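Here are a few exercises to work through with the model open. Try each task before reading its solution.

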Amino acid sequence: MASVAIAGAGIAGISAARALRQDGYRITLFDRGRRLGGRACSRRTGGGYDHGAQYFTVSDPAFARALAPHMRSGAVAPWHGRVVRSVGGQLHEFDARRYVGVPGMGRLAEVLAQDCEVLTDTRVTVAEQGARGWSLVDADGSELGEYDVLLLAMPPEQASALTPRDCPLRETLRACRSQPAWAALLQFAARLPLDFDGATFDRLDLAWAARDSGKPGREPGERWVVHAAAEWSRERFGAAPERVAAELASALFTATALDPRETTAMSAHRWGFARVGNGPACGALWDEHLRLGICGDWCVSPRIEGAWLSGVEAAAQIRASVGRPRRRTAKTAAVTPGDEAALT
């Protein structure tokens, strides 16, 4: 069977790896982070925070089947917290069946990637496609092997930096724009007197807030995750994390009409590619001549299930196309100064 390199071990990359591995393909997953999951990850310090994806919903039967054994094991659990929409300061119920990883969202990626070969702390910076397939090189200049197929499971800006310059897929990638997001991680000495556990907001500064410590399997305490709105995040893209955390804490108090409370700890994390506002809604991208695929939630919908479905679609495209002769070769140069920002 063909060998497939998957750059990006978020939910989309893991989903594709699982599907292809079940069919006998030889799969290697690479991820530049220390842990799996991409935005479906967790901070383990300070009691733990889900600083990226906050929860997920399930509607696709195949996704439900993949999750079923992990529901039974307790690695995935329903989140029964009250989640509302705040519109003009008025709260409206927001009903849905929500699930989380236990003891953090990162657990979801870990259990889904079981039995997959994964190399973390490995950032692919060069991809060369020739007669024998794809050759990959990491940021340290180390060779990562040769593969018949390359799948880029990452935001469009990062995928573009690794896509051959004459590949038609680059036009689609260049048309997509990712939105940044700041996340504040706030810890308090006592429970905040709010009668909800999560809320979306129609404000210019604040998009979401959740009592992260109230999710199942979390350590005791009072910890909140606050996500800033996209434009607010863009305007403060280069701001100091301490300043961002303080401003978002103040925004939370203002939005909920609470008197300010002292935090016992706070920090902030910047997501440079949090959400694509104009994705192609194509499932996944594929160039059969180069045996190059691209996938991510931005190809379906900005949700964990969207990422999963995109990985499944990418695997289906690879299965349908692998074995056809390649009629074109190409090479990506080492990351240029203009592309470097997309890989950080």
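Helices (H or I, at least four residues) and strands (E, at least two residues) are DSSP runs, numbered from the N terminus, and two strands pair if DSSP finds at least two bridges between them. This is a predicted model, in which local features need pLDDT of at least 70 and side-chain atom pairs count only at pLDDT 80 or more, while totals for chains, interfaces and linings use all residues. Residues are numbered from 1 along each chain as its sequence is written, and side-chain values use heavy atoms, with hydrogens and water left out.

**Exercise 1.** Work out in which sense strands E4 and E5 pair, and over how many bridges.

Solution. Start by finding E4 at residues 83–87 and E5 at residues 90–93. Next, follow the bridges: there are four, and the pairing is antiparallel.

**Exercise 2.** Find which parts of the chain are tied together by arginine 39 and aspartate 297.

Solution. First, the rule: a salt bridge is a side-chain nitrogen of Lys or Arg within 4 Å of a carboxyl oxygen of Asp or Glu. Arginine 39 and aspartate 297 make one at 2.5 Å, N to O. Now place the two ends: arginine 39 is in the loop between strand E2 (26–30) and helix H2 (61–73), and aspartate 297 is in the loop between strand E18 (292–295) and helix H8 (304–321), so the bridge ties together parts 258 residues apart in sequence. Last comes accessibility (relative accessible area under 20% is buried, over 50% exposed, in between partly exposed; 1.4 Å probe, protein chains only). Arginine 39 is partly exposed at 25%, whereas aspartate 297 is buried at 14%.

**Exercise 3.** How many salt bridges does a search of the whole structure find?

Solution. The search gives 18. Then look for a network: Asp50, Asp212, Lys215 and Arg218 are linked in one.
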